[in-house]
Amino acid sequence: MSQLRHSVCALDCPDCCSLAVTVDDGRAVKLRGDATHPITRGFLCGKVAQYLDRQYAPSRLLYPQRRIGRKGEGKFERIGWDDALDTIARRLGETVRDFGPESVLPYSYAGTMGLLNGSGMDRRFFHRLGASRLDRTICSSAGGAGLTEALGIRLGTEPEQFRHSRLILAWGANILGTNVHLWPFIVEARRNGAKLYTIDPRRNRTGAASDKHFFINPGSDTALALAMMHVIVGENLHDADFVSAHTEGFPELRERVRDWTPARAAEATGIPAAEIVALAREYATTRPAAIRLNYGVQRSERGAMAVRTIALLPALVGSWRDVGGGLQLSTSQAFALNREGLERPELQHIALGRPARMVNMSQLGSALTTLDNPPVKALVVYNSNPAAIAPDQNAVLRGLGRTDLFTVVLEQFRTDTADYADILLPATTFLEHTDLYLAYGHYYLQLARPAVAPAGEARSNQDVFRALAARMGFHEPCFAESDDDLIRTLLDSRHPFIAGITLEELDRDRFVRLRLPEPFLPFANGGFGSADGKCHFRAETLDYQPPVESRHGDSDLRRQFPLEMITPKGDDGMNSTFGNRDDADRATATLHLAAADAVPRGIRDGEAVRVFNGRGSCLLVARVDDSVRSGVVSAPAVRWAKRSPGGRSSNVLVSERLTDMGGGPTFYSCLVQVEKTETDATLHFEFVPAPGGGPCLGRRAGFTRLQARPESTGATHR
Ligand SMILES: Nc1nc2c(c(=O)[nH]1)N[C@H]1C(S)=C(S)[C@@H](COP(=O)(O)OP(=O)(O)OC[C@H]3O[C@@H](n4cnc5c(=O)[nH]c(N)nc54)[C@H](O)[C@@H]3O)O[C@H]1N2
Ligand SMILES: Nc1nc2c(c(=O)[nH]1)N[C@H]1C(S)=C(S)[C@@H](COP(=O)(O)OP(=O)(O)OC[C@H]3O[C@@H](n4cnc5c(=O)[nH]c(N)nc54)[C@H](O)[C@@H]3O)O[C@H]1N2
Ligand code: SF4
Ligand SMILES: [Mo]
């Protein structure tokens with residue numbers, strides 16, 4: 001009998017879609033976007049429209065396994081759950097006894113955006129154990145820091161309001177690829193005469209569909225924003241009323257941007273001065289004007305400064321007043337849920353008497369190969385595939401290959417990371433477990449109940465960490481709580497945006513708009529997150545410097561490696577999640593380069609190229625097209641390393657250098673050289689062991705040092 005069930009897409013995407021699942025005899029047979037959800041509006045992106053292929057893929061992990069081959073080789077044997085959990089509990093217990101609790105490191109990110117399976121029982125478990133805490137910086141912490149510096153809080157324009165905009169800037173935001181549910185609102189706006197401009201080093205799908213595309217040099221956005229301010233202030237186009245009522249430090253800002261002439265910014269950004277002037281004038285004089293800023297700009301060395309500077313623009317022109325004005329990077333902080341109650345950080349004191357040390361996830365390679373006092377001796381990975389997605393892949397694989405490291409991986413598929421597991425556990429998908437979802441691209445809170453039963457013996461992260469807690473002898477009542485208990489705890493918030501939302505309401509309505517006025521204008525009357533409610537320009541700290549790894553950066557490095565590589569999101573992928581699929585693999589096996597860079601190297605479209613720098617090399621297929629300008633190459637992320645010839649994908653090229661604030665990775669500040677090669681760059685499947693996969697070797701030479709941010713909470717920012 002056919003039934004219609006409700007679910008929520010748990011992928012790491014701002015849209016957080018509401019799903020209608022048709023279930024036949026216990027099997028999901030059709031997945032559609034919920035037509036009643038105001039943002040989902042009845043459609044899905046291409047990747048999730050095919051999600052049932054993943055759900056029922058023959059290669060899905062269905063039972064616990066123990067490694068029998070070498071680390072990374074991918075040879076496993078089936079074991080039972082009791083055996084698996086007993087082994088993990090015993091090994092973690094021994095590790096804690098011999099090296100102290102902080103020798104255990106959890107590694108997780110947003111494989112699921114579900115709050116329970118992303119930061120529920122797992123956090124309680126590791127806090128109670130006294131394990132090292134993970135600083136979850138891999139995606140958005142630089143941007144989060146920059147946005148907070150500018151606005152004091154991570155709020156932004158509702159997607160619904162973009163339909164009222166007259167000018168929309170997609171700034172480092174590939175809306176059609178990564179945020180497609182904003183698009184219909186933009187279509188509506190354009191039907192009413194709005195213009196869409198993109199600012200991006202590559203002409204992505206959104207750029208191609210825009211009224212104008214500005215090719216900007218990677219990592220130079222701060223210069224553009226400062227020059228826009230120069231024009232706006234210099235021509236008195238700012239909103240003097242808004243500025244005097246709701247901002248602080250305007251006179252200093254006027255002084256600070258005086259020498260940021262369009263000509264100077266043209267040199268830094270590669271955008272002609274006249275175009276910068278025109279853009280600034282149009283932005284300041286068109287109302288309403290909205291900026292969709294996404295995380296692309298903050299994956300460069302000074303990405304936090306870039307986000308901060310851009311996020312000051314709406315206050316300068318007063319566009320926060322307008323329905324369809326303002327800026328959206330993230331909406332997540334409106335979801336003022338009781339996260340402490342969920343995660344229970346105070347449990348750390350039982351084992352340690354203090355907060356545990358913090359390890360930056362963007363420097364996993366160094367953490368696994370150089371950290372001491374204590375070294376990392378046990379690693380538990382879930383909701384993430386660090387062997388593919390983390391910087392300095394050689395260091396990460398060397399670390400994962402350590403024979404003295406005990407590794408547990410909770411996964412749906414046999415990813416690159418799974419191959420290094422000692423114990424590999426089968427995980428449920430979002431169609432199979434209960435969870436609560438916030439969104440970082442809209443203001444609806446959502447609940448999903450299981451639509452189908454778990455495949456095989458798969459278990460949710462929640463269940464696994466509950467079971468492990470019992471085996472480790474953690475008898476605190478919080479480990480006996482049910483999923484519903486945890487949701488009720490999360491909802492136990494007095495914040496006006498949340499207050500009064502109940503589990504019963506969510507069960508009935510599935511998605512609930514936060515208790516916000518409609519339309520929601522977060523800063524129309526000030527109300528910024530600072531102590532005085534004003535937007536602080538703090539002009540003396542506004543500053544542009546080019547990334548070390550860029551055309552205006554280190555000239556020695558640039559002589560050897562003259563091309564700026566970015567590795568933005570694949571249009572039809574989700575980081576490495578679909579890397580097992582041949583079509584996703586092919587899509588991420590490419591390197592876009594301009595003819596001006598290809599011809600002198602003898603590279604023709606479709607030929608294999610070797611991309612390399614001082615950290616490593618990988619093979620890709622050249623796409624000689626006009627999507628990038630000379631000097632920039634672009635490889636869609638993130639390919640599985642083991643499917644790449646040589647066993648390395650583009651993150652082998654990326655350094656562990658961190659951003660100016662927020663401790664974020666610098667995926668898009670990466671200098672490389674490219675050469676023609678005869679090797680076939682597609683569809684390989686081979687095992688390439690990491691060099692020196694022995695025990696922990698102590699300090700490694702190199703320019704990065706592990707950097708801790710004691711102030712971090714380890715939260716997945718957004
Ligand atoms: N299809 C698809 N959707 C996704 C994902 C995916 O992998 N695939 N991943 C999800 C995740 S984890 C995230 S964080 C979001 C991210 O969503 P986005 O932030 O939109 O994605 P990115 O590709 O990181 O960056 C956006 C754009 O910034 C550009 N860019 C790179 N460097 C610079 C720069 O220095 N300046 C400017 N102005 N632009 C720059 C890139 O070329 C890219 O087109 O998307 C989510 N949605
Ligand atoms: N070069 C380059 N590298 C990048 C980026 C880039 O743009 N360029 N983007 C970075 C960004 S923004 C991000 S967010 C990271 C993302 O990196 P990750 O957080 O590692 O995300 P995914 O690659 O999507 O892998 C998530 C994994 O979680 C698993 N999973 C999903 N749901 C569950 C569940 O319920 N339980 C368990 N146990 N597992 C589950 C999936 O099967 C998948 O293998 O990558 C970063 N790496
Ligand atoms: S990945 Fe994003 S757009 Fe696609 S279904 Fe999920 S939430 Fe919606
Ligand atoms: Mo991300």
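I am working on a predicted model, where local features need pLDDT of at least 70, side-chain atom pairs count only at pLDDT 80 or more, and totals for chains, interfaces and linings use all residues. Residues are numbered from 1 along each chain as its sequence is written, chains are lettered from A and ligands numbered from 1 in the order in which they are written, and side-chain values use heavy atoms, with hydrogens and water left out.

Ligand 1. I looked for residues with a heavy atom within 4 Å of the ligand. There are 33 around ligand 1, and Asp200, Gly219, Asp221, Gly573 and Asn575 come nearest. Next I checked polar contacts, which are pairs of N or O atoms within 3.5 Å. A backbone N or O atom of Gly219 sits 2.7 Å from a ligand 1 oxygen, and a polar backbone atom of Asn575 is also 2.7 Å from an oxygen of ligand 1. For Asn174, I get 3.4 Å between a backbone N or O atom and a ligand 1 oxygen. On its own, ligand 1 has 900 Å² of accessible area (Shrake-Rupley, 1.4 Å probe), and the protein covers 99% of that 900 Å².

I note that the domain bounds come from an automatic or database assignment.

Ligand 2. This one also has 33 residues around it, with Glu411, Lys569, Ser576, Thr577 and Asn651 nearest. A polar side-chain atom of Ser576 lies 2.5 Å from a ligand 2 oxygen. An oxygen of ligand 2 is 2.8 Å from a backbone N or O atom of Asn385, while a ligand 2 nitrogen is 2.9 Å from a side-chain N or O atom of Thr567. The protein covers 98% of the 920 Å² that ligand 2 has on its own. Its shell draws at least three residues from each of domain 2 (65-139 + 337-430 + 456-482) and domain 4 (555-701).

Cavities. I counted sets of points on a 1 Å grid over the protein atoms alone where a 1.4 Å probe fits but cannot get out. The structure holds seven of 30 Å³ or more, a volume being the space filled by probe spheres set on the points.

Terms used:
Polar contact = N/O pair within 3.5 Å; in protein donor to acceptor, adjacent residues only side chain to side chain. 1 Å grid on protein atoms, 1.4 Å probe; cavity = no way out; pocket = protein on both sides within 12 Å on 5 of 7 lines; lining within 4 Å.
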